[in-house]
Amino acid sequence: MEISMMEEIKKAELEGKEQDVYILAIESSCDETAASVVKNGRTVLSNVISSQIALHTLYGGVVPEIASRKHIEKINQVIESALEEAHMELDQMTAIAVTYGPGLVGALLVGVAEAKAIAYAAKKPLVGVHHIEGHVSANFIEHPDLEPPFVCLIVSGGHTHLVIVKDYGEFEIIGRTRDDAAGEAFDKVARAVGLGYPGGPKVDKTAKEGNPHAIEFPRGKVEGSPYDFSFSGLKSCVLNYINHAKMMGEEIYVPDLVASFQNSVVDSLVSRAVMAAKEYGYDKLAIAGGVASNSALRAGMKAACKKAGLSFYYPSPIFCTDNAAMIGVAGYYEYMKGTRSGWDLNAVPNLKLGER
Ligand code: KG4
Ligand code: ZN
């Protein structure tokens with residue numbers, strides 16, 4: 001039964017070889033239920049995102065059980081809207097792409113099960129996509145000229161990686177965080193000063209009213225690993241600063257505190273990314289992931305790249321945080337390489353970059 005179905009799909013693929021490639025992409029790895037239709041890997045025909053942020057704000061962070069349930073409630077509606085906005089039918093899709101890791105297992109499973117059901121029913125090939133490969137691929141949406149190889153700094157809620165994108169979907173990791181991810185540090189500091197969840201955007205906004213040089217926080221270094229990051233020391237310094245002020249009965253000016261914290265994070269990220277591009281001999285540098293929408297990081301990176309003679313690439317904020325368009329782009333390149341997932345595709349919560 002399964003073999004004949006796979007053969008049927010392959011036959012249909014061969015018949016449609018010369019035609020445009022339309023990917024229906026699904027993303028549900030954390031707290032956004034998203035679907036998108038992407039044409040030929042670079043043109044986003046629709047990008048529907050149902051965010052659960054308001055719901056999780058009540059608890060100060062993502063509650064996995066609630067995230068899974070909300071995905072189940074929303075996913076059909078989100079997919080229908082994505083097809084409608086693209087003015088296309090499911091039958092016109094070339095393949096179904098879905099994030100299968102890394103992420104919250106229950107949340108991922110909703111997208112994976114849905115994608116499998118759709119692909120099976122519509123007799124379409126299924127392509128499992130790595131969430132971080134998706135984040136990197138967001139850069140291809142608005143930069144038709146960007147092609148590998150280039151250096152990419154990936155900064156999200158769960159990841160901080162410095163990589164060389166050798167080809168589509170091929171990465172060499174040259175640096176990573178030894179402790180907290182950059183986004184995690186933003187979220188923890190935001191919580192400590194009472195800005196709430198989600199921390200990153202709130203710190204970004206509040207920091208605009210503060211002086212980034214008001215407090216001299218350390219830049220985390222990892223001895224002997226020039227491209228690795230460390231943010232837990234910085235986080236402790238911020239917490240100590242707050243506790244000390246409380247003990248002394250001193251008032252804290254939050255905008256100065258978060259602007260100084262942000263400045264330290266941005267400094268660490270920019271200096272390593274630019275150094276990597278120069279030392280490895282690449283003239284293109286990109287950023288990706290939720291933290292890539294941070295205004296200070298974008299400004300710092302832009303200035304440093306200009307000074308170093310590097311071309312700087314960054315996605316619009318809507319393509320930095322979780323979305324399905326980036327999964328559609330990555331799914332397209334995987335599809336063109338011949339990547340196909342079986343009906344046994346499963347969620348892999350701790351999927352490593354470069355693994356399948
Ligand atoms: O990529 P993403 O949407 O989800 C993951 O794959 O993790 O990243 C979410 C992270 C959160 O930690 C959030 O606080 C952070 O990205 N973030 C920001 C900004 N917008 C989102 N951090 C700093 N500045 C921002 N403007
Ligand atoms: Zn993400």
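Visitor: How do the residues of the shell around ligand 1 divide into nonpolar, polar and charged?

Guide: They split into three nonpolar, 12 polar and three charged. Here Ala, Val, Leu, Ile, Met, Phe, Trp, Tyr, Cys and Pro count as nonpolar, Asp, Glu, Lys and Arg as charged, and the others, Gly among them, as polar. Before we go on: this is a predicted model, where local features need pLDDT of at least 70 and side-chain atom pairs count only at pLDDT 80 or more, while totals for chains, interfaces and linings use all residues. Residues are numbered from 1 along each chain as its sequence is written, chains are lettered from A and ligands numbered from 1 in the order in which they are written, and side-chain values use heavy atoms, with hydrogens and water left out.

Visitor: How many residues surround ligand 1, and which are the closest?

Guide: A residue is near a molecule if one of its heavy atoms lies within 4 Å of it. In this case 18 residues surround ligand 1, with G157, D187, D204, G290 and N294 the closest. Helices α5 (131-142), α6 (182-192) and α7 (199-207) each give the shell at least two residues; helices are DSSP runs (H or I, at least four residues) and strands are too (E, at least two), numbered from the N terminus.

Visitor: Which side chain has a polar atom 2.9 Å from a nitrogen atom of ligand 1?

Guide: A polar contact is a pair of N or O atoms within 3.5 Å. D204 makes the one you ask about, and S293 has a polar side-chain atom 3.2 Å from a ligand nitrogen. On the oxygen side, an N or O atom in the H131 side chain is 3.1 Å from an oxygen of ligand 1.

Visitor: Which residues are the protein donors of the zinc ion?

Guide: Donors are N, O and S atoms within 2.8 Å of the metal (3.2 Å for Na, K and Ca), and water is not among the atoms, so sites may look incomplete. For the zinc ion (ligand 2), look at H131 (NE2), H135 (NE2) and D322 (OD), lying 2.0 to 2.1 Å away. Their spacing along the chain is H-x3-H-x186-D. H131 in helix α5 and D322 in the loop between α11 (317-320) and α12 (325-337) are 191 residues apart.

Visitor: Where is the cis peptide bond with omega near -10 degrees?

Guide: Go from G101 to P102, where P102 sits in the loop between β4 (95-101) and α4 (105-122).

Key: Polar contact = N/O pair within 3.5 Å; in protein donor to acceptor, adjacent residues only side chain to side chain.
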